[in-house]
Every structure is written in structure tokens, then in C-alpha cells.
Amino acid sequence: MSAADFLLELRCEEIPARMQAGARADLERLFRAEMGAAGVAVGEVTVWSTPRRLALIARGLPEATEAVSEDAKGPPEGAPDAAIDGFCKKNGVTRDQLELRDVKGRNTWFAVIDKPGRATRDLLTEAIPAIVRAFPWPKSMRWGAASLSTQSIRWVRPLSGIVAILGDSLVECEIGGVASGYATRGHRFHCPGEVTIGGASDYAEKLRACHVIVDHAERQDLIRERAAKAASEAGLSLVEDEGLVIENAGLTEWPVPLLGRFDEAYLDVPPEVIQLTARTNQKYFVCNSADGKLANAFVCTANIEAADGGAAIVDGNRKVLAARLSDARFFWEQDRKTSLADHAKKLERITFHEKLGTVADKVDRVSKLARWLVEEGIVKGADADQAEQAARLAKADLVTEMVGEFPELQGLMGGYYARAEGLPAAVADAIRDHYKPVGQGDKVPTAPVTVVVSLADKLDTISTFFFVGEFPTGSKDPFALRRAAISLIRLIVSNGVRLNLPLAILSPILHLSIQVIGRHYEGTIVSLKGAFETLGIDASEGELSDDYLTEVTNEDWIRAAVFEPSSRSAGQVLDFIADRLKVQQREAGVRHDLIDAVFALGGEDDLVRLLARVHALQEFMGTEDGANLLAGYKRAANILKKENHTLVTPAEAGVHQASGADREMDSRLRGNGENGTIPRTGDEDPMADVDDPQMRAVYAARSQEKSALSYTPETDEKALIEALDAAGPRAAAAVEAEDFAAAMAALATLRAPIDRFFDSVTVNDPDPPKRTARLDLLARFRDAVHRVADFSRIEG
Amino acid sequence: MSRDPSKSFQDMILTLHDFWSANGCLILQPYDMRMGAGTFHTATTLRALGPEPWNAAFVQPCRRPTDGRYGENPNRLQHYYQYQVILKPSPPDLQELYLQSLVEIGIDPLKHDIRFVEDDWESPTLGAWGLGWEVWCDGMEVTQFTYFQQMGGFDCKPVAGELTYGLERLAMYIQGVDNVYDLNFDGRGTSYGQVFLENERQMSKWNFEVADTDALFDLFRKAAAECKNALAADVPIAAYEQAIEASHLFNLLQARGVISVQERASYMAQVRDLARGSCEAYMAKEQAGWAEKYPEWSA
């Protein structure tokens with residue numbers, strides 16, 4: 001069968017540049033789906049777009065589909081007439097066309113249905129309207145007289161023409177009053193008349209002759225090259241911007257990059273402002289001079305080969321840019337007439353969030369937290385006064401004219417204004433960079449003052465939004481708290497910030513409460529330290545500075561209204577951060593089961609330490625010792641589970657005091673269940689409590705007691721006891737010293753003894769004291785392993 | 001006397017009138033109320049509703065109190081002109097007609113770079129939205145081009161095409177002047193500044209500093225109440241006028257800086273309710289007649 005190339009062009013009024021790439025992909029996908037459903041084999045497909053057309057060329061389509069014959073099985077011989085008639089009707093055959101065939105010894109009626117091959121051209125006639133109707137534009141519209149009914153066809157902008165040619169013959173179709181034909185149109189201004197297309201083979205060249213480069217990639221290449229050339233001819237270098245290349249290619253059918261100059265005086269304005277104005281408002285490229293600084297030049301991309309070589313176009317664009325830059329310079333000058341501190345006063349008038357007060361309130365909380373982070377030595381190397389000053393001024397640029405005009409410049413402008421008024425470089429940099437890291441690729445700040453302000457800002461945002469019940473649900477995260485949490489984690493981890501997270505989360509919440517209460521009950525005072533005590537949080541670890549602690553009101557009322565909800569939401573925040581950390585680590589290639597194994601230990605409020613342990617565990621599990629130890633562990637755990645053997649339960653020990661708030665807080669990073677408790681699945685390890693600080697003494701005593709055996713142990717039993725006696729304290733000491741590699745190494749020494757123990761010692765000895773002692777020994781082994789990680793969570 | 005739209009602001013307007021008149025439009029006069037955009041004119045808003053064909057062109061003075069600059073900014077004015085064209089249903093050659101109108105006023109599309117850049121239009125106040133472009137001439141936005149999809153919360157059936165030319169900008173471009181006050185108004189040397197500079201100074205001062213805010217608040221409440229009164233009496237056009245009035249009073253209060261961020265949303269919601277309520281009442285009043293005349297149409 002012969003094959004033919006198919007050309008489809010859907011012409012319409014200007015398609016938004018940002019939608020063209022998606023439209024090309026959709027066109028190919030829908031075309032393949034329609035053809036596939038019709039049984040037409042589709043090979044190579046090319047799709048192109050310009051602002052005014054989408055085009056598709058499918059090479060080597062068969063001219064028709066092959067005829068197929070299908071058998072349909074009907075009722076058996078002797079079935080009621082109604083059943084046989086029904087079968088005939090369903091298959092479009094008459095009774096005398098049926099055949100009797102043997103099916104497992106039974107005569108059964110069959111209909112043979114011949115489906116003739118269909119001309120591809122006819123299939124396309126049906127497929128094209130189907131493609132148009134199914135096209136998933138991000139936004140589509142109705143138009144014209146037909147839009148009297150809302151049933152009328154929808155497209156991204158009014159559809160104006162269809163070219164559909166298979167080989168050299170027209171595929172006739174019609175959609176919403178637009179019929180297919182051989183004619184298209186060339187460039188809107190250079191060749192406004194009709195152009196007759198012969199088929200796929202001459203399409204691109206005929207359009208080129210009419211000032212249309214239909215291949216978007218070719219237009220992109222052309223813009224890239226000619227823009228760079230225009231710059232180099234002027235002795236400059238183009239600041240590359242792939243987004244602009246694609247956008248300009250989506251705005252033109254015949255792109256002509258042109259270089260223009262603007263008044264050098266505008267170069268006083270920060271280069272980022274000039275570039276942003278040129279880029280976002282005008283879609284211009286900017287250029288650098290030989291010294292690498294921004295030059296007073298721009299490159300615009302016209303859509304015509306102008307009669308005067310583009311002089312009028314360049315001049316017009318220059319004027320528009322000049323007006324924009326003149327506005328920008330006006331803002332730059334106006335903004336600097338006021339100090340950042342004075343700008344910051346205006347933040348009192350801006351609501352940050354209905355329940356979280358004004359931006360000034362937020363700034364106040366962040367400033368206090370920033371100072372605390374420095375004074376407690378949590379972030380090292382920063383000056384507390386500078387940290388507080390930077391935090392106080394960090395949001396001031398939000399009320400400047402420049403940031404009002406270009407919100408993307410928040411932070412950056414504050415940095416410029418800070419420098420212009422002579423503030424210390426560390427403060428200016430912190431103001432500039434305190435939003436960072438923003439996205440995944442964004443660099444994490446390392447300058448101490450910047451780290452402090454950025455940390456404080458994010459801690460405040462996450463904690464206080466949770467406190468007022470605004471947390472992310474499903475796909476909804478209106479305040480970008482997930483992103484803030486990831487940024488917070490990255491700041492902490494890459495700077496090695498040792499931070500008691502529960503305390504740091506609680507502090508903005510309590511401060512918010514103080515602001516709210518303070519507004520209602522001015523003059524009454526309560527101490528924050530008391531608040532921490534009420535919550536059972538050990539504030540002595542990081543001694544809180546006094547001025548941070550003084551303030552506000554009546555204890556009982558505060559407790560009911562503030563402290564209990566604070567504690568609850570601090571717990572939610574910890575769970576949330578733990579979840580984000582897991583996601584982030586998983587994405588970074590850390591095995592999720594290893595993360596779980598460490599998280600399950602609980603009692604960890606320091607992300608740096610937690611991750612060090614996860615990473616050491618990952619390393620260890622990659623070694624032969626690690627894999628074998630895990631096997632030994634699983635065997636021991638299974639025996640203990642089967643025997644339902646426990647050393648002693650906390651209830652029996654009678655030491656489990658009322659679960660204080662700190663205990664609840666500690667369990668948060670286990671990342672389980674709503675209240676931070678481990679779900680009781682029956683699979684959990686009864687020894688999980690060995691890491692409970694309150695249980696340590698009990699277990700120590702129990703272990704001591706158990707070390708005196710009533711019988712002579714076997715060689716390998718004795719060896720395991722000795723290995724445990726040595727490795728247990730070594731691992732514990734290493735964990736204490738945060739040398740997790742050493743802790744893993746200590747565990748590794750247990751591998752050979754546990755293997756030999758299982759090889760030669762019978763746990764289930766008929767002698768009950770022996771049996772109990774050996775089960776206890778296995779429990780001790782498990783205890784030792786658990787001090788490092790919960791191996792029951794590890795897969796393999 | 002021959003016209004020269006490249007040297008005279010008024011000739012440019014008259015040329016547009018001639019062009020759109022020749023292309024089947026009614027040439028209307030400005031609506032005699034203060035409004036922020038030509039779209040508020042009943043010839044646009046209310047006439048965009050319903051099935052009846054409607055083609056009109058008019059100049060509409062627009063007032064944007066917060067854009068006032070006391071006559072000191074070369075581009076920004078608190079009072080300026082828009083040229084509005086509304087064509088319902090949108091004709092298939094609307095883009096070509098528009099481009100031809102640019103040629104008429106002296107813009108050669110083979111010398112100047114004309115581009116249609118995505119810019120969708122939305123007016124929450126009017127419960128309206130549409131898709132279209134801002135039209136660029138050598139990088140300058142000269143026209144807003146919109147296919148109305150909804151008005152007053154109702155689907156536009158059929159869709160109307162709306163063109164909004166920024167007259168001062170276009171004239172500055174065509175006349176080659178950098179300051180709006182230097183525009184030649186009449187081709188005989190009377191400048192735009194001679195006509196409007198003092199007006200900009202005084203009105204900026206009044207908008208920003210003088211207007212009695214208590215009176216404005218009171219007028220806002222009265223307009224809102226009158227809108228409801230008119231709706232109750234089933235005179236939706238009168239109700240709509242009060243919505244226009246309330247909208248402008250709100251803009252004045254904004255310029256005076258007496259509406260806080262929190263209150264702002266509530267005022268906007270009030271204006272929206274008035275405007276939408278008026279559109280709904282207009283539809284309700286007209287729809288039986290329309291349905292009878294246009295059997296394929298339904299509200």
C-alpha cells in the first residue's frame with residue numbers, strides 16, 4: 001500500500017507565547033490518539049507553532065486501513081428465535097448469513113463481520129474536528145455570531161483557517177464554520193494575502209517565501225544568534241536569557257532582533273531593576289560592556305523587516321524603555337529620601353494576615369527571635385545587634401515605591417537602600433538575602449547574620465500560621481508553608497545549626513500571643529519563662545535572655561487561651577517539619593526506611609544530629625557487616641516476638657511518670673500519628689522504650705542483674721555476652737559524642753558473635769532458666785542495636 | 001478642510017469616528033458620568049448582554065484619581081480619554097479592521113512593529129472577563145483588545161469584541177512628543193496642556209488633599225441605597241448609574257487614603273454587588289423579549 005505525508009495547519013488569532021509549547025505537545029498527542037483509535041499506524045510526526053498557527057506533519061501515513069474480519073459468537077443452535085434475531089440485529093447481519101460452528105461439542109451460531117479498510121483521508125475528516133474539540137487549552141474562548149449559543153466551538157483565540165492535505169489531496173472537514181482548504185496566509189503585514197499550499201513537502205518553504213518561519217526552533221535559534229550578533233557588533237555581550245528567546249519566538253513569525261541604546265544616566269539605577277524592567281515589561285534583552293557591567297543598550301525583537309531598517313522601531317522602543325526607566329529612577333530616588341527605619345514604620349499599616357497582625361508585628365517577633373538565636377549561641381559568628389537590626393529592617397522595602405512596582409525585587413532593594421544609607425555590609429546582605437533559599441536550586445545563605453534573619457523569618461512564618469490553623473491541606477498551601485519548611489531545613493542542615501526545634505517553634509507562637517494579649521490587656525505582665533515552665537519545656541538548656549522573657553498577664557487565663565493551643569500547634573509544626581525532612585531526604589536519595597529507623601527512635605529535636613545518624617546508618621547498611629547484622633537482628637527480633645518475651649514493662653516498673661509536655665514534645669520527631677505517639681500495631685518493639693531517658697536506670701539495673709547467670713554459658717553464648725558488654729557502652733558513648741560512624745563500628749563488632757551464637761547455641765533450651773537467660777541476651781542485643789537505630793524499620 | 005491625524009489630537013479622534021462610522025458603528029457621545037474606564041459606559045456593559053447586535057464607537061473621558069500627578073508627570077493623568085469600540089457579535093475580521101484604523105491615523109505597519117501580546121481582561125467589579133491582547137506599537141501598549149466572555153456574571157451570547165484605544169498615548173506616539181501636555185490638540189498650535197494642565201493641577205489637589213471624606217463616605221452610602229431603590233422599582237439602567245457613581249466615589253476615597261487595606265475588600269464587594277445586581281435586573285427585564293426575537297438564544 002502506498003503512503004502519503006499529511007499536513008495539518010490550524011490558523012488562529014495570536015496564541016499566547018506561553019501556551020505554544022504545551023499546544024504543540026497536545027496536538028501531537030491528540031493526533032496520535034485519534035489515528036491510533038482508527039487503526040492508522042503513525043510514524044514520524046513534526047509539530048511547529050507560530051503566534052498565528054499550529055502545524056503538524058505526519059510522514060508516511062498509509063492511504064487506507066486494512067480490511068479486517070471479526071467473528072462474533074452467538075447463541076447455540078436451537079436457542080429461542082428472539083435470541084437469534086437479537087444477535088443478528090446487534091451485528092447487522094441477516095439470519096441466512098450466520099454460520100454454525102462447533103464449540104466444545106455444541107453447535108453454535110457465528111456471525112462473520114467484515115470490516116472493510118477505510119481511506120485515511122476519511123478518517124482524518126473525522127479526526128480533525130475531534131482534535132479541535134478535545135484540545136485542552138489552559139484558557140479558551142467563544143467568538144463571533146455562533147457564540148449566540150454557549151455550545152459553539154471554543155479555541156484559544158478565534159480559529160480562522162484549516163489546511164489539511166494528505167499527499168496532495170485535500171482532507172475535507174469543517175469545524176464551527178471554518179472549512180479546510182489549500183490556502184493559508186503569510187505574514188500579517190509582509191504578505192497578508194492567501195498562499196496556496198501543495199502539501200507537507202512545500203509547506204514550510206512556501207511560508208518562508210511569505211515571511212513566516214513556521215519552525216519555532218528555527219526562530220529561537222535565529223533570535224539567539226542575531227541578538228548576540230547585534231550586541232557583539234556594538235562591542236557588547238548579550239546577557240543570555242533563554243526564557244526571553246522562547247517568548248520572543250512565540251511573539252513573532254519573522255523575528256528581527258534590533259539593538260537600541262538608552263540614556264547612560266539611567267545606569268545609576270541598580271542593574272537588576274533595569275534588567276527586570278526591560279525583561280518583564282518589554283521583553284528586551286540587556287547587554288554587558290566589556291568590563292562585565294550592564295551597558296546602556298537593549299535588544300528588542302521586531303516581527304517585521306522594516307522599510308527603514310528598523311530605525312523607527314528602535315526609536316519607539318527606546319522611548320518606551322526610557323519612560324519605564326524614568327519611573328524606576330524616580331522610585332530609586334524617592335525611596336532613598338527616607339531611611340529604611342522610617343519606611344519600616346509604615347509596616348504597621350499593612351496587614352500580614354488577619355489573625356497574625358501587621359507586618360510590623362511579624363517584624364517584631366522575628367527581630368526578637370533573631371537576637372535570641374545569636375545570644376544563645378545557636379548561630380555562631382553573628383553580632384546580636386546586627387542580627388536584630390537586619391531583622392527590623394528586612395521587610396522595610398515592602399513599602400518602597402520600587403518594590404510596589406516590582407515585587408520580585410523585595411529583599412534586593414532593601415539591600416541596596418541599606419548600603420546607600422551606610423549600614424554595615426552584614427546587615428545590608430542579610431536584608432538582601434533573608435528570603436533565601438527560595439527554590440530548590442537557590443543557594444543557601446552562609447553569612448551568619450543572614451542565616452539568623454532567614455531562620456527567624458521562616459520559623460515565625462511556619463509556627464504562627466500553624467498556630468492560627470492555617471496549615472497546608474492536600475494540594476492547597478496558600479502561604480507556601482511547605483516551601484518555607486524546606487528552606488528552613490536547608491538552612492539548618494547546610495549551616496550545621498544546632499537548634500532545639502520545639503523551643504524555637506514555640507517562641508514565635510508565644511510572642512504572637514503576647515502581642516495579641518498585650519493589645520487587649522496593656523500593662524499587665526507575665527514572664528515568658530513561666531510560660532515555658534507551664535508547658536514543661538526545659539528553657540534552661542538555652543538560657544532565655546531577660547528582655548525577651550518579660551511581658552504580659554494572668555496565668556490561668558493565659559494557660560487556657562494560649563499555652564495549651566501553643567503546645568498543640570508546636571507539636572503539629574514539628575510533625576510537619578519532620579514530614580518535609582523525610583520528603584527532602586528521600587528526594588536526596590536517602591533510603592526512606594533508614595530515615596524511618598532513625599525517626600522512630602524519637603527524642604530528637606536537633607535536625608543536624610538526626611541527619612548525621614541517618615547518613616551514618618545509610619553508609620553502614622551498605623557494608624557487609626551492616627547487612628549481616630540486620631539479618632541477625634531480624635532473627636533475634638522474630639524469636640523474641642514469637643516468645644512474646646519482654647524484660648520488664650514500664651507499667652510494672654512504675655516509673656512512667658505523668659507524661660509531661662516535654663515527653664510529648666520529644667516524641668514529635670518520631671513522625672508518627674497525630675499526637676506524636678507511636679501507633680500500637682502490635683509489631684512495635686517492646687524495647688523501643690530503652691531510649692526513653694526515664695527508663696534508662698531501670699534497664700541498666702535489669703541488665704546488671706541479668707549478667708549473673710545461674711549456669712555456665714556455652715562458648716559462643718559467652719562470646720556474645722562479652723561482645724555486648726564491650727559494644728553496648730561503646731555504641732552508647734559514640735552516640736553521646738555524636739560520632740555515629742563509631743556507633744555503627746561498635747555495632748559491627750556484634751555481627752560475628754551473633755552469627756556464631758545462632759549457629760551453635762539453642763535458645764529454646766528445655767531448661768527454663770537457660771531459655772530465659774538466652775532470650776534476655778537476645779533482648780540485650782536488640783537493646784544495643786536500638787541505641788543506634790530502630791532496625792525493625794529497615795527493609796531487607 | 002483636510003484632516004491630519006498625525007499633527008492634531010482632535011483630527012485623530014475624528015479620523016477614528018469616520019473610520020468606525022464607515023464600518024457600521026453608531027458614533028455615540030461620552031457618558032455624562034464620572035467613570036474609571038470606557039467599559040463602564042452602558043453602551044459597553046449593558047449592551048454586551050443579550051443577543052441583539054450592537055456596534056458603537058465613542059470617546060469616554062476616564063477618571064483615575066490615584067493616577068493624578070499634579071500635572072508634573074509627562075505620562076500620567078487623573079483624567080484622560082479612551083476611544084471605545086464595541087462590536088457584537090465580534091466580526092471575523094476584527095483584527096484587520098483594527099489594524100486598518102491604525103493605518104488611517106498614520107501608523108504604517110511595515111515601518112512600525114505591531115504586536116498582539118496576551119493580556120486577558122478581568123473586572124471583578126463588573127463580574128466580567130474576556131480574552132485578548134494588549135496591542136503593542138514599537139513596544140508601547142496602545143490598545144486593549146478583548147473578546148468579552150462574561151459580563152455581570154452572565155455568559156456573553158454572542159461574544160462582543162471591545163477595543164480600547166489609549167488616545168493620548170497614541171497621539172504622543174504619532175505626533176512624536178514625549179510629554180502629553182505638548183500634544184498639539186487642534187493642529188493649529190493649541191496644546192493639550194493649554195486645555196488640561198490647570199485641570200490636572202486642581203483636580204489632583206482636590207482628589208488627594210481637599211475632597212471632604214465624610215461627604216464622600218456619605219455619598220457612597222447614598223449611591224448604594226439609591227441603587228437598591230432603583231432596583232426595587234425595576235429601573236435597572238438607573239440602578240446601574242448609581243453603581244457607576246459608587247465605584248467612582250470609592251476611587252476618590254482611595255485617593256484620599258482613608259480606606260484601610262481591610263476595608264478595601266469590603267467596599268469593592270459592595271460595588272461589585274451593585275453592578276452585578278444591576279446587570280442581573282437588566283437581563284431579567286429584557287430576556288423575555290430577547291428570547292422571543294431570537295429563538296436560538298437563552299439567558
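**Lining of the largest cavity**

By residue class, 5 nonpolar, 1 polar and 5 charged residues form the lining of the largest cavity. The model is predicted, and every value in this briefing is computed from it.

**Cavities**

- The structure contains 6 cavities of 30 Å³ or more.
- The largest cavity holds about 90 Å³ of space.
- From chain A, the lining of the largest cavity includes E14(A), P51(A), R52(A), R188(A), F189(A), L251(A), E253(A) and N303(A).
- From chain B, I114(B), R115(B) and F116(B) also line the largest cavity.
- Rolling a probe the size of a water molecule over the atoms shows where empty space is left.

**Contact between chain A and chain B**

- The contact involves 46 residues from chain A and 43 residues from chain B.
- About 3500 Å² of area is buried between the two chains, and carbon and sulfur atoms give 54% of this area.
- On the chain B side, the residues that lose the most area to chain A are L110(B), R115(B) and E118(B), which together account for 16% of what that side buries.

**Strands β4 and β6 of chain B**

- Strand β4(B) spans residues 114-118 and is mostly covered, with 4 of its 5 residues buried.
- Strand β4(B) pairs with strand β6(B), residues 128-137, in the antiparallel sense over 5 bridges.
- Within this pairing, R115(B) has W136(B) in β6(B) as its bridge partner.

- Strand β2(B), residues 54-63, is largely enclosed by the rest of the structure, because 8 of its 10 residues are buried.
- Strand β1(B), residues 26-27, runs parallel to β2(B) and is joined to it by 2 bridges.
- The bridge partner of I27(B) in β2(B) is A57(B).
- Strand β3(B), residues 79-88, pairs with β2(B) in the antiparallel sense over 10 bridges.
- The bridge partner of V59(B) in β3(B) is Y83(B).
- Strands of a sheet pair through backbone hydrogen bonds, either parallel or antiparallel.

**Chain A overall**

- Chain A has 796 residues, of which 52% are buried.
- Its secondary structure comprises 30 helices and 18 strands.
- Of the contacts in chain A between residues at least 6 apart in sequence, 71% join residues at least 24 apart.

**An open sheet in chain A**

- Four strands of chain A form an open sheet in the order β13-β15-β16-β14, with antiparallel pairing.
- The edge strands are β13(A), residues 237-238, and β14(A), residues 256-261, each of which pairs on one side only.
- L258(A) has C300(A) in β16(A) as its bridge partner.

**Residue L30(A)**

- L30(A) lies in helix α1 of chain A, which covers residues 20-38.
- L30(A) counts as buried because its relative accessibility is 11%, and the cut-off for buried is under 20%.
- Apart from neighbours within four places in sequence, L30(A) contacts I131(A), A134(A), F135(A) and P136(A).
- L30(A) and L236(A) are 206 residues apart along the chain, and their C-alpha atoms are separated by 45 Å.

Key. Residues numbered from 1 in each chain as written. Chains lettered and ligands numbered in written order. Predicted model: local features only at pLDDT ≥ 70, side-chain atom pairs only at ≥ 80, totals over all residues. Heavy atoms only, no water. 1 Å grid on protein atoms, 1.4 Å probe; cavity = no way out; pocket = protein on both sides within 12 Å on 5 of 7 lines; lining within 4 Å. Points joined across faces, edges and corners; volume = space filled by probe spheres on them. Nonpolar A, V, L, I, M, F, W, Y, C, P; charged D, E, K, R; others polar. Pairing = 2+ DSSP bridges. Buried < 20%, exposed > 50% of the residue type's maximum accessible area, 1.4 Å probe, protein only. Contact = heavy atoms within 4.5 Å. Buried area = accessible area lost by both parts, 1.4 Å probe.
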